[in-house]
Amino acid sequence: MSNSRPRPRRTAGSASGGSGRDQLVSRSLQSAEHCLRAQDFGTAYAHYLLVLSLSPELKDDVKETFQYTLFRWAEELDAISRTQDLLGCYEQALELFPDDEVICNSMGEHLFRMGFRDEAAGYFHKAVKLNPDFSDAKENFYRVANWLVERWHFIMLNDTKRNTIYNAAIQKAVCLGSKSVLDIGAGTGILSMFAKRAGAHTVYACELSQTMYELACDVVAANKMASGITLLHMKSLDIEIPKHIPERVSLVVTETVDAGLFGEGIVESLIHAWEHLLLQPKPRGEDGNCEKYGKVIPAGAVMFGMAVECAEIRRHHRVGVKNIAGICLPASVKFRSPAYSSADSEETSEPYTTEKMSRVPGGYLALTECFEIMTVDFNSLEELKSLATRKPDKIDVPVIKEGVLDAIVVWFVLQLDDEHSLCTGPSEETCWEQAVYPVQDLADYCVRPGDHVMMEVSCQDFYLRIQSVNVLSSEPEMDVGKSFTKNEDLLSLGNEAELCSALANLQTSKPDAVEQTCVLESTEIALLNNVPYHEAFKLAMSRVLSSLTPERPCQAMEAHCQDGELSHGSGQADPAPSASEPFYVLDVSEGFSVLPVIASTLGRVKPYSSVEKDQHRVTLDLISEANHFPKEALEFWLRHVEDESAVLQRPKSDKLWSIIILDVIEPSGLIQQEIMEKAAISRCLLQSGGKIFPQYVLMFGLLVESQTLVEENAVQGTSRTLGLNIAPFINQFQVPIRAFLDLSSVPCVPLSKPVELLRLDLMTPYLNTSSRQVKVHICKSGHVTAIPFWYQLCLDDDIRLDTSSEVSHWKQAAVVLDNPIQVQVGEELVLRVQHHKSNVSIRVQRRGAVF
């Protein structure tokens, strides 16, 4: 007896159906190829979708062509802002090719440009997992890894003291009867595992980040606690009983606190928890089983502050110069950093920045004693609700040392329970930074003993806000003159420059003058304060323009461009205005830049700025007018181009640029993405003798021993996490290059002298190489753990800007080695430096071994 079932007979209809499908596939392939030749990528993409849906077996045959079609069609959709269609196309493509690293990477690039950084990072990470050797995806992933797993996770998990105290407080609570636990903002799940290990019967943990949720699932499983910890991929505010957890819990544990205590939403989440997820709190004075009552770890906090002088904070949050390379800044323009917050303003959602004050370059000076700002009880629902509605508290703090008032520094003592606490103060060895409230908008920032610093403190929209900072002088009769005092640390100006500035201020301080507030990023303010930077560019630009007109040197501050013609400040007419064209200068620096205005001082120049924000354009116009340049002298280039990506093109159909200024180095200390491609386009747009600035860039580095860089880059084994196995999982997200470093203050021991690692030539590309070997001589014995690096931007062979200088607005970066290399004095190591697009990799080699 046959075991086979009867086979269905193929009818004429089914045969013709298969034949018809084949014909349709064939015709669609032909149509797709025809559309590709006609560059009709949208129609070609539709044909390929039909082909692959009808004949999945053709995937391998048409994969590369399909990818090309998808990418070109996506570019067109992106250009016309059809975002939903673009994302839809990629989702369709990933359904067909779910394990295609190229499509994943491209999807991530589009998401990143749209501002969806966390989602983009996920696609980059998937592309790297699919193909660990895919260099484009690795470069993208390294740049956005901070959005997937923020760097503070590594630092916090390596903080043994923090882990030990949290573990002890949780263990105590569980032993006293708090057997049902909810971990809010679980991260890697370490607090949940502390609770489970302490004997909690049920543990729930919620985490909003998709990446951190998946990471916590892996970590909990690896520690054999998956059956005892329920992980929820959601915000605690969305948890409902009994939908997500069966009943109210007796203990909430959380560490959703930032440097300013409230910035991660701990108040809102605890209000919701007390109202919907926690048992009622134990009445005061009542004993009994804690399992019947609810409590929170941490139980509360005390916030402290201190007024400080700090030149590093000052130069990043206050424009302290009035004259920049001959350009006077008018008094009608008020520059503010994003951390600026006034009593009647909601300009910022986070009214502070953060610093590790123990490592701030140049240090700081305490101008007042430490003072208490407020206390908060996380176990009191009434108190939590009242935080946002309280009237501002007025604080009066006496000054104990003479100095310049630059900021109020804030930290807190986190009281986990009545026995265990953590202090985040600047003198503590802690994983936390401190919150910094820069002081802005005072007539005079100088204080002396006997003065009083006055401020108002509130919790508007659940952020600690320090507003209306003023100084009550001990010498009232001197108050009138305070606004005219000059601090030499703030203004390094000569007499002539001060007079020029004063005149400019008088001319713009008319009763009807409109005050313009311009909010700049802290790096943009630091750039404005970087006088050597602007003077270097002015000199380099004048040299180029002089070389282009040897018979007639550029006349600085005498000639201004007006309506494309030359107009001399001296009143003399140009001998042949109609026959003379200006020099065209294009500045495509990122962010706010006054270089185009400086270029206006160099004679027959038509400068173009590529600033994007309207307030920046208004500010540059006001600066131009205050320096007697016609408003029309400065052009905003993005108004003349349809697409930001087309910013590099001719100024006119028949003209070329004399100078193009590019941003080569990001403020983070990394090379700008696509900079070599931009340089290639720029070279084609230069007139004969024209230059790109910088003309070339030199990268320098040295070998150091730094345990700090190691611990901030990866979790060190299981001892730091009290025996819990977390390191292998979170360390998947470590990156080889640590950016945003201040090398002058990073604890490290130099083991070699600086060496040149790489040259990027924007004007002469044949001098560039993709890889290079550099010999490094060891001058001190130790363990090489990192290779810090920085750059010299060479505007020409004589004029250079160092990104590691103390006035630089750039940070530095470092390659952190996976394993330390022990070295002895006199040894020689070889560094293999490779440059791919904007990514630089450095590997260390010794005696044939590569590390």
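**Exercise 1. Aromatic pairs**

How many aromatic pairs does the structure hold? Describe two of them and say where their residues lie.

*Solution.* The model is a predicted one.

Step 1. The count of aromatic pairs in the structure is 19.

Step 2. A pair of aromatic rings is described by the distance of the centres and the angle of the planes. For Phe-335 and Phe-592, the centres are 6.1 Å apart and the planes stand at 65°. An angle over 60 degrees counts as edge-to-face, and this pair is edge-to-face.

Step 3. Phe-335 belongs to strand β9 (residues 333–336), while Phe-592 sits in the loop between β24 (583–588) and α19 (595–599), so the pair ties together parts that are 257 residues apart in sequence. Both Phe-335 and Phe-592 are buried.

Step 4. Turn to Trp-637 and Trp-657. Their pair is edge-to-face, with 5.5 Å from centre to centre and 90° between the planes. Trp-637 is in the loop between β26 (635–636) and β27 (657–662) and Trp-657 is in strand β27, so this pair ties together parts that are 20 residues apart in sequence. Trp-637 has a relative accessible area of 3% and is buried; Trp-657, at 0%, also counts as buried.

Step 5. Aromatic residues can also be listed as a cluster. Tyr-533, Phe-537, Phe-693 and Trp-810 form one such aromatic cluster.

**Exercise 2. Cavities**

Which residues line the largest cavity? Compare the classes in its lining with those in the second.

*Solution.* 

Step 1. The whole structure has 2 cavities of 30 Å³ or more. The largest holds about 60 Å³ of space.

Step 2. Its lining consists of Asp-159, Lys-161, Arg-162, Leu-422, Cys-423, Glu-428, Glu-429, Thr-430 and Trp-432.

Step 3. Sorted by class, the lining of the largest cavity has 3 nonpolar, 1 polar and 5 charged residues.

Step 4. The second largest cavity holds about 40 Å³. Met-374, Leu-387, Arg-390, Lys-391, Asp-393, Val-457, Ser-458 and Cys-459 line it. Here the classes are 4 nonpolar, 1 polar and 3 charged.

**Exercise 3. A helix and its end**

*Solution.* 

Step 1. The buried residues are Ile-190, Leu-191, Ser-192, Met-193, Phe-194, Ala-195 and Ala-198.

Step 2. Just after α10 comes Gly-199, with a positive phi of about 115°.

**Exercise 4. Backbone exceptions**

Which peptide bond has an omega of about 0°?

*Solution.* 

Step 1. Most residues other than glycine have a negative phi, and most peptide bonds are trans.

Step 2. The bond between Ile-241 and Pro-242 is cis, with omega about 0°. Pro-242 lies in the loop between β3 (229–232) and β4 (251–254).

Step 3. The bond from Ile-297 to Pro-298 is also cis, with omega near 15°. Pro-298 is in the loop between β5 (295–297) and β6 (300–309).

Step 4. Ala-325 has a positive phi near 50°. It is in the loop between β7 (323–324) and β8 (327–328), and at 9% relative accessible area it is buried.

Step 5. Phe-740 has a positive phi of about 60°. This residue is in strand β31 (residues 737–741). Exposed means over 50%, so Phe-740, at 55%, counts as exposed.

Methods
Residues numbered from 1 in each chain as written. Predicted model: local features only at pLDDT ≥ 70, side-chain atom pairs only at ≥ 80, totals over all residues. Heavy atoms only, no water. 1 Å grid on protein atoms, 1.4 Å probe; cavity = no way out; pocket = protein on both sides within 12 Å on 5 of 7 lines; lining within 4 Å. Points joined across faces, edges and corners; volume = space filled by probe spheres on them. Nonpolar A, V, L, I, M, F, W, Y, C, P; charged D, E, K, R; others polar. Phe/Tyr/Trp six-rings, centres within 6.5 Å; stacked < 30°, edge-to-face > 60°. Helix = DSSP H or I, 4+ residues; strand = E, 2+ residues; numbered from the N terminus. Buried < 20%, exposed > 50% of the residue type's maximum accessible area, 1.4 Å probe, protein only.
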